[in-house]
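Here is a short briefing on one protein structure. Keep the sequence and the 3D view open as you read.

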Amino acid sequence: MSVIETVTGQSDVRDAGHCQPHEHVYITQTPALLTNPELRLNNLAASISELKLYKEAGGNTLVDANPLATGRDALALKTASEVSGVQIIACTGYHIPVFYTKDHWIWDTPEEKLEDIFVRELTEGMFLGGCYGWPSYQTDIKAGLVKAMLTQEGVRGRTRVLLRAAGRAAARTGTSLMLHTEYGKGALEAIQYLTDLGLAPERILICHADRQVKDLDIHEKIASTGVFMEYDTITLFEFHDNETEIRMLKHMVGRGFLDQILISTDPTADRLKSYGGRYGMDYILKTFIPRLKECGFTEEEIRRITRENPGRALGR
(Lines give C-alpha, C1' and ligand atoms only; values in the text may rest on other atoms or scores of the structure.)
Protein backbone atom coordinates (compact mmCIF):
# COMPACT_ATOMS: atom_id res chain seq x y z
CA MET A 1 0.00 0.00 0.00
CA SER A 2 1.27 3.46 -0.92
CA VAL A 3 0.95 5.91 1.95
CA ILE A 4 1.43 9.58 2.67
CA GLU A 5 3.08 10.64 5.91
CA THR A 6 0.96 13.34 7.52
CA VAL A 7 1.36 15.20 10.80
CA THR A 8 -1.27 12.93 12.33
CA GLY A 9 0.26 9.70 11.02
CA GLN A 10 0.31 7.61 7.86
CA SER A 11 -2.69 7.63 5.55
CA ASP A 12 -3.59 5.54 2.52
CA VAL A 13 -2.72 7.60 -0.54
CA ARG A 14 -6.13 6.69 -1.98
CA ASP A 15 -7.70 8.79 0.77
CA ALA A 16 -5.71 11.92 -0.08
CA GLY A 17 -8.53 13.40 -2.16
CA HIS A 18 -8.00 16.89 -3.55
CA CYS A 19 -4.42 17.84 -2.68
CA GLN A 20 -2.51 21.10 -3.14
CA PRO A 21 1.20 20.30 -2.81
CA HIS A 22 2.60 23.74 -2.01
CA GLU A 23 0.78 25.76 0.63
CA HIS A 24 1.79 27.59 3.80
CA VAL A 25 -0.27 27.06 6.93
CA TYR A 26 1.57 28.54 9.90
CA ILE A 27 4.95 30.23 10.34
CA THR A 28 6.47 31.30 13.65
CA GLN A 29 9.79 32.36 15.24
CA THR A 30 11.82 32.90 12.06
CA PRO A 31 13.61 36.27 11.84
CA ALA A 32 12.16 36.61 8.34
CA LEU A 33 8.90 37.72 10.01
CA LEU A 34 10.57 40.95 11.11
CA THR A 35 11.13 42.27 7.60
CA ASN A 36 8.61 40.31 5.54
CA PRO A 37 5.03 41.01 6.71
CA GLU A 38 3.62 38.75 4.00
CA LEU A 39 5.21 35.80 5.85
CA ARG A 40 3.42 36.55 9.14
CA LEU A 41 1.21 33.46 9.18
CA ASN A 42 1.62 33.30 12.95
CA ASN A 43 -2.00 33.31 14.11
CA LEU A 44 -2.94 29.67 14.68
CA ALA A 45 -6.66 30.42 14.98
CA ALA A 46 -6.59 32.22 11.63
CA SER A 47 -4.62 29.37 10.04
CA ILE A 48 -7.19 26.86 11.28
CA SER A 49 -9.99 29.04 9.92
CA GLU A 50 -8.28 29.08 6.52
CA LEU A 51 -7.95 25.30 6.56
CA LYS A 52 -11.63 24.95 7.37
CA LEU A 53 -12.53 27.06 4.33
CA TYR A 54 -10.32 24.80 2.24
CA LYS A 55 -12.02 21.71 3.69
CA GLU A 56 -15.50 23.12 3.10
CA ALA A 57 -14.63 23.78 -0.55
CA GLY A 58 -13.57 20.14 -1.06
CA GLY A 59 -9.89 20.19 -0.11
CA ASN A 60 -8.63 17.22 1.84
CA THR A 61 -4.82 17.23 1.85
CA LEU A 62 -2.03 19.76 1.39
CA VAL A 63 1.70 20.21 1.86
CA ASP A 64 2.96 22.85 4.27
CA ALA A 65 6.11 23.92 2.46
CA ASN A 66 8.17 25.39 5.32
CA PRO A 67 10.97 23.03 6.36
CA LEU A 68 13.09 22.68 9.49
CA ALA A 69 14.34 25.88 11.18
CA THR A 70 12.30 28.30 9.03
CA GLY A 71 9.36 28.87 11.36
CA ARG A 72 7.76 25.45 10.96
CA ASP A 73 5.95 24.27 14.12
CA ALA A 74 5.15 20.56 14.10
CA LEU A 75 2.87 20.72 17.14
CA ALA A 76 0.88 23.62 15.71
CA LEU A 77 0.51 21.83 12.37
CA LYS A 78 -0.78 18.72 14.12
CA THR A 79 -3.32 20.77 16.07
CA ALA A 80 -4.41 22.60 12.91
CA SER A 81 -4.87 19.30 11.10
CA GLU A 82 -6.86 17.70 13.91
CA VAL A 83 -9.19 20.69 14.33
CA SER A 84 -9.76 21.39 10.63
CA GLY A 85 -9.86 17.84 9.31
CA VAL A 86 -7.31 18.66 6.59
CA GLN A 87 -4.41 16.23 6.18
CA ILE A 88 -1.14 18.15 6.34
CA ILE A 89 2.16 16.83 4.97
CA ALA A 90 5.08 18.65 6.58
CA CYS A 91 8.59 19.20 5.21
CA THR A 92 12.12 18.78 6.37
CA GLY A 93 15.11 20.15 4.45
CA TYR A 94 16.16 23.76 3.89
CA HIS A 95 14.73 26.94 2.37
CA ILE A 96 15.69 30.24 0.69
CA PRO A 97 18.24 32.52 2.43
CA VAL A 98 15.65 35.08 3.65
CA PHE A 99 14.61 32.63 6.37
CA TYR A 100 18.06 32.50 7.98
CA THR A 101 20.42 34.87 9.74
CA LYS A 102 23.88 35.19 8.19
CA ASP A 103 25.41 33.16 11.03
CA HIS A 104 22.74 30.43 11.03
CA TRP A 105 23.95 26.85 11.39
CA ILE A 106 22.50 25.94 7.99
CA TRP A 107 25.48 27.70 6.38
CA ASP A 108 28.29 25.78 8.08
CA THR A 109 26.94 22.47 9.42
CA PRO A 110 28.71 19.51 7.76
CA GLU A 111 26.79 17.78 5.00
CA GLU A 112 26.60 14.45 6.84
CA LYS A 113 25.09 16.08 9.92
CA LEU A 114 22.48 17.85 7.79
CA GLU A 115 21.57 14.64 5.99
CA ASP A 116 21.26 12.88 9.34
CA ILE A 117 18.85 15.41 10.81
CA PHE A 118 16.74 15.43 7.64
CA VAL A 119 16.51 11.62 7.77
CA ARG A 120 15.64 11.70 11.48
CA GLU A 121 12.80 14.12 10.80
CA LEU A 122 11.43 11.76 8.15
CA THR A 123 11.80 8.56 10.15
CA GLU A 124 11.57 9.55 13.83
CA GLY A 125 9.95 12.95 14.18
CA MET A 126 10.43 16.64 13.54
CA PHE A 127 12.31 19.02 15.80
CA LEU A 128 10.91 22.23 17.19
CA GLY A 129 12.75 25.52 16.77
CA GLY A 130 16.10 25.73 15.06
CA CYS A 131 15.71 29.31 13.86
CA TYR A 132 18.29 30.68 16.31
CA GLY A 133 20.26 27.61 17.35
CA TRP A 134 20.64 23.90 16.76
CA PRO A 135 17.26 22.26 17.54
CA SER A 136 17.13 20.05 20.63
CA TYR A 137 13.48 19.08 21.23
CA GLN A 138 12.25 16.31 18.95
CA THR A 139 8.58 15.41 18.54
CA ASP A 140 7.19 12.11 17.24
CA ILE A 141 5.46 13.94 14.36
CA LYS A 142 7.16 12.90 11.13
CA ALA A 143 7.87 14.96 8.03
CA GLY A 144 6.61 13.51 4.77
CA LEU A 145 8.60 15.47 2.21
CA VAL A 146 12.02 17.06 1.72
CA LYS A 147 12.25 20.73 0.72
CA ALA A 148 15.29 22.09 -1.10
CA MET A 149 16.25 25.37 -2.69
CA LEU A 150 18.03 26.38 -5.86
CA THR A 151 18.99 30.01 -6.47
CA GLN A 152 20.02 31.56 -9.75
CA GLU A 153 23.63 30.56 -9.09
CA GLY A 154 22.62 26.94 -9.71
CA VAL A 155 24.23 23.87 -8.16
CA ARG A 156 27.24 25.75 -6.81
CA GLY A 157 28.97 26.49 -3.52
CA ARG A 158 26.95 25.97 -0.35
CA THR A 159 23.82 25.27 -2.37
CA ARG A 160 25.52 22.18 -3.79
CA VAL A 161 26.26 20.89 -0.27
CA LEU A 162 22.73 21.56 0.96
CA LEU A 163 21.15 19.98 -2.12
CA ARG A 164 23.31 16.89 -1.74
CA ALA A 165 22.28 16.47 1.90
CA ALA A 166 18.60 16.90 1.02
CA GLY A 167 18.78 14.63 -2.03
CA ARG A 168 20.53 11.84 -0.16
CA ALA A 169 18.01 12.07 2.68
CA ALA A 170 15.14 11.73 0.20
CA ALA A 171 16.81 8.84 -1.65
CA ARG A 172 17.60 6.97 1.60
CA THR A 173 14.02 7.17 2.83
CA GLY A 174 12.12 6.79 -0.43
CA THR A 175 10.68 10.26 0.03
CA SER A 176 9.98 12.91 -2.59
CA LEU A 177 11.83 16.21 -2.80
CA MET A 178 10.32 19.55 -3.77
CA LEU A 179 12.81 21.94 -5.29
CA HIS A 180 12.36 25.70 -5.08
CA THR A 181 13.64 27.31 -8.28
CA GLU A 182 13.76 30.86 -9.55
CA TYR A 183 11.43 30.62 -12.55
CA GLY A 184 12.72 27.10 -13.26
CA LYS A 185 16.28 28.31 -13.84
CA GLY A 186 18.91 25.68 -13.15
CA ALA A 187 16.32 22.93 -12.83
CA LEU A 188 17.84 20.67 -15.48
CA GLU A 189 21.28 20.72 -13.83
CA ALA A 190 19.73 20.09 -10.40
CA ILE A 191 17.61 17.20 -11.68
CA GLN A 192 20.69 15.52 -13.14
CA TYR A 193 22.56 16.08 -9.89
CA LEU A 194 19.75 14.60 -7.79
CA THR A 195 19.27 11.57 -10.03
CA ASP A 196 23.00 10.91 -9.86
CA LEU A 197 22.53 10.73 -6.08
CA GLY A 198 19.94 7.98 -6.58
CA LEU A 199 16.72 9.98 -6.49
CA ALA A 200 14.28 8.91 -9.21
CA PRO A 201 12.88 11.73 -11.39
CA GLU A 202 9.33 10.87 -10.33
CA ARG A 203 10.40 11.66 -6.74
CA ILE A 204 11.22 15.28 -7.69
CA LEU A 205 8.75 18.18 -7.73
CA ILE A 206 9.97 21.32 -9.50
CA CYS A 207 8.46 24.46 -7.96
CA HIS A 208 7.72 27.92 -9.39
CA ALA A 209 8.43 27.26 -13.07
CA ASP A 210 5.11 28.97 -13.83
CA ARG A 211 6.42 32.30 -12.59
CA GLN A 212 7.56 32.41 -16.21
CA VAL A 213 4.87 31.44 -18.74
CA LYS A 214 6.20 32.97 -21.98
CA ASP A 215 8.95 30.51 -22.91
CA LEU A 216 7.29 27.10 -22.65
CA ASP A 217 10.25 25.28 -24.17
CA ILE A 218 11.97 25.19 -20.79
CA HIS A 219 8.80 23.74 -19.24
CA GLU A 220 8.88 20.95 -21.81
CA LYS A 221 12.58 20.29 -21.27
CA ILE A 222 12.14 20.03 -17.50
CA ALA A 223 9.06 17.82 -17.79
CA SER A 224 10.81 15.57 -20.31
CA THR A 225 13.12 14.38 -17.53
CA GLY A 226 10.13 12.71 -15.83
CA VAL A 227 9.78 15.06 -12.83
CA PHE A 228 6.55 16.58 -11.57
CA MET A 229 5.85 20.15 -12.64
CA GLU A 230 4.47 21.90 -9.57
CA TYR A 231 2.62 24.92 -10.93
CA ASP A 232 2.14 26.77 -7.69
CA THR A 233 1.76 30.48 -8.49
CA ILE A 234 -2.01 30.49 -8.92
CA THR A 235 -3.25 33.76 -7.29
CA LEU A 236 0.20 35.33 -7.74
CA PHE A 237 -1.10 37.73 -10.34
CA GLU A 238 2.09 39.77 -10.50
CA PHE A 239 3.44 36.89 -12.59
CA HIS A 240 0.42 36.01 -14.75
CA ASP A 241 -3.36 36.00 -14.90
CA ASN A 242 -5.50 32.87 -14.86
CA GLU A 243 -5.94 32.80 -18.62
CA THR A 244 -2.19 32.78 -19.21
CA GLU A 245 -1.71 30.01 -16.64
CA ILE A 246 -4.48 27.96 -18.24
CA ARG A 247 -2.95 28.38 -21.72
CA MET A 248 0.30 27.04 -20.29
CA LEU A 249 -1.50 24.09 -18.70
CA LYS A 250 -3.28 23.33 -21.98
CA HIS A 251 0.04 23.45 -23.80
CA MET A 252 1.65 21.02 -21.38
CA VAL A 253 -1.31 18.64 -21.50
CA GLY A 254 -1.20 18.80 -25.28
CA ARG A 255 2.47 17.81 -25.19
CA GLY A 256 1.67 14.70 -23.17
CA PHE A 257 2.60 15.86 -19.67
CA LEU A 258 -0.84 15.60 -18.02
CA ASP A 259 0.32 13.01 -15.49
CA GLN A 260 3.16 15.26 -14.29
CA ILE A 261 1.15 18.39 -13.52
CA LEU A 262 0.38 19.60 -9.99
CA ILE A 263 -1.30 22.88 -9.01
CA SER A 264 -1.14 24.96 -5.84
CA THR A 265 -1.11 28.57 -4.56
CA ASP A 266 2.07 29.01 -2.45
CA PRO A 267 0.20 31.60 -0.35
CA THR A 268 1.40 34.52 1.72
CA ALA A 269 -0.57 36.28 4.45
CA ASP A 270 -1.81 38.97 2.06
CA ARG A 271 -3.56 36.31 -0.06
CA LEU A 272 -5.29 34.25 2.64
CA LYS A 273 -8.85 35.19 3.58
CA SER A 274 -8.45 34.46 7.29
CA TYR A 275 -5.47 36.83 7.39
CA GLY A 276 -7.40 39.60 5.64
CA GLY A 277 -6.35 38.61 2.13
CA ARG A 278 -8.54 38.36 -0.94
CA TYR A 279 -8.12 34.94 -2.51
CA GLY A 280 -7.75 32.11 0.00
CA MET A 281 -6.43 28.58 0.00
CA ASP A 282 -9.78 27.50 -1.47
CA TYR A 283 -9.30 29.63 -4.62
CA ILE A 284 -8.32 26.69 -6.81
CA LEU A 285 -11.43 24.75 -5.82
CA LYS A 286 -13.89 27.65 -5.94
CA THR A 287 -12.56 29.75 -8.83
CA PHE A 288 -9.70 28.18 -10.79
CA ILE A 289 -11.16 24.72 -11.39
CA PRO A 290 -14.49 26.12 -12.65
CA ARG A 291 -12.46 28.29 -15.02
CA LEU A 292 -10.52 25.21 -16.18
CA LYS A 293 -13.83 23.55 -17.03
CA GLU A 294 -14.98 26.61 -18.96
CA CYS A 295 -11.76 26.43 -20.96
CA GLY A 296 -12.32 22.81 -21.98
CA PHE A 297 -10.57 20.74 -19.33
CA THR A 298 -12.44 17.52 -18.67
CA GLU A 299 -13.43 16.16 -15.27
CA GLU A 300 -10.94 13.32 -15.81
CA GLU A 301 -8.07 15.71 -16.55
CA ILE A 302 -8.86 17.80 -13.48
CA ARG A 303 -9.12 14.69 -11.30
CA ARG A 304 -5.72 13.53 -12.44
CA ILE A 305 -4.11 16.92 -11.82
CA THR A 306 -5.64 17.50 -8.38
CA ARG A 307 -6.00 13.97 -7.00
CA GLU A 308 -4.10 11.21 -8.80
CA ASN A 309 -0.90 13.13 -9.58
CA PRO A 310 -0.40 14.44 -6.02
CA GLY A 311 -0.94 10.92 -4.70
CA ARG A 312 1.81 9.55 -6.92
CA ALA A 313 4.09 12.50 -6.25
CA LEU A 314 3.80 12.33 -2.48
CA GLY A 315 3.08 8.67 -1.75
CA ARG A 316 5.71 6.40 -0.22
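K142 touches E5, T6, E121, L122, T123, E124, G125 and M126, leaving aside residues up to four places away in sequence. The model is predicted.

**K142 and its loop**

- K142 sits in the loop that runs between α4 (111–123) and β7 (145–149).
- Is K142 buried, partly exposed or exposed? Its relative accessibility is 27%, so K142 counts as partly exposed.
- K142 and R164 are 22 residues apart along the chain. Their C-alpha atoms are separated by 21 Å.

**Helices α2 and α3**

- Helix α2 covers residues 44–57, and helix α3 covers residues 74–84.
- Their axes come within 9 Å and cross at roughly 40°.
- The two helices are therefore oblique to each other. An angle under 35 degrees would count as roughly parallel.
- The crossing of α2 past α3 is right-handed.
- Which residues make the contact? From α2 come L44, I48, L51, K52 and K55. From α3 come A76, T79, A80, V83 and S84.
- This contact of α2 with α3 has 6 nonpolar, 2 polar and 2 charged residues.

**Helices α5 and α6**

- The axes of α5 and α6 (residues 187–196) come within 10 Å. They cross at roughly 50°.
- That angle makes α5 oblique to α6.
- Here too the handedness can be read: α5 passes α6 in a right-handed crossing.
- On the α5 side, the contact is made by R160, L163, R164 and G167. On the α6 side, A190, Y193 and L194 take part.
- The contact of α5 with α6 divides into 4 nonpolar, 1 polar and 2 charged residues.

**Two residues of α5**

- T173 lies in helix α5, which spans residues 157–173.
- T173 has a relative accessible area of 16%. Buried means under 20%, so T173 is buried.
- What does T173 touch? Its contacts are V119, L122, T123 and R316, not counting residues up to four places away in sequence.
- V161 is also placed in helix α5.
- With a relative accessible area of 19%, V161 is buried.
- V161 and D270 are 109 residues apart along the chain. The distance between their C-alpha atoms is 33 Å.

- Where is A269 found? A269 is in the loop between β11 (261–263) and α9 (283–294).
- A269 counts as buried, at 9% relative accessibility.
- A269 touches P37, E38, R40, L41, Y275 and G277, again not counting residues up to four places away in sequence.
- A269 and H24 are 245 residues apart in sequence. In space they are 9.0 Å apart, C-alpha to C-alpha.

**Cysteines**

- How many disulfides are there? The count comes to 0 disulfides.
- Take C207 as a case. The closest cysteine sulfur to its own is in C91, 8.8 Å away.
- A disulfide needs the two sulfur atoms within 2.5 Å.
- C207 is at 0% relative accessibility, so C207 counts as buried.

Conventions
Residues are numbered from 1 along each chain as its sequence is written. This is a predicted model: local features need pLDDT of at least 70, side-chain atom pairs count only at pLDDT 80 or more; totals for chains, interfaces and linings use all residues. Side-chain values use heavy atoms; hydrogens and water are left out. Axes are lines fitted to C-alpha atoms, for helices over the stretch in contact, and angles run from 0 to 180 degrees between N-to-C directions. Helices (H or I, at least four residues) and strands (E, at least two) are DSSP runs, numbered from the N terminus. Angles under 35 degrees count as roughly parallel, over 145 as roughly antiparallel, 65 to 115 as roughly perpendicular and the rest as oblique. A crossing is left-handed if the near helix is turned anticlockwise from the far one by less than a right angle, and right-handed if clockwise. Contact means heavy atoms within 4.5 Å. Ala, Val, Leu, Ile, Met, Phe, Trp, Tyr, Cys and Pro count as nonpolar, Asp, Glu, Lys and Arg as charged, and the others, Gly among them, as polar. Buried means under 20% relative accessible area, exposed over 50%, partly exposed in between (1.4 Å probe, protein chains only).
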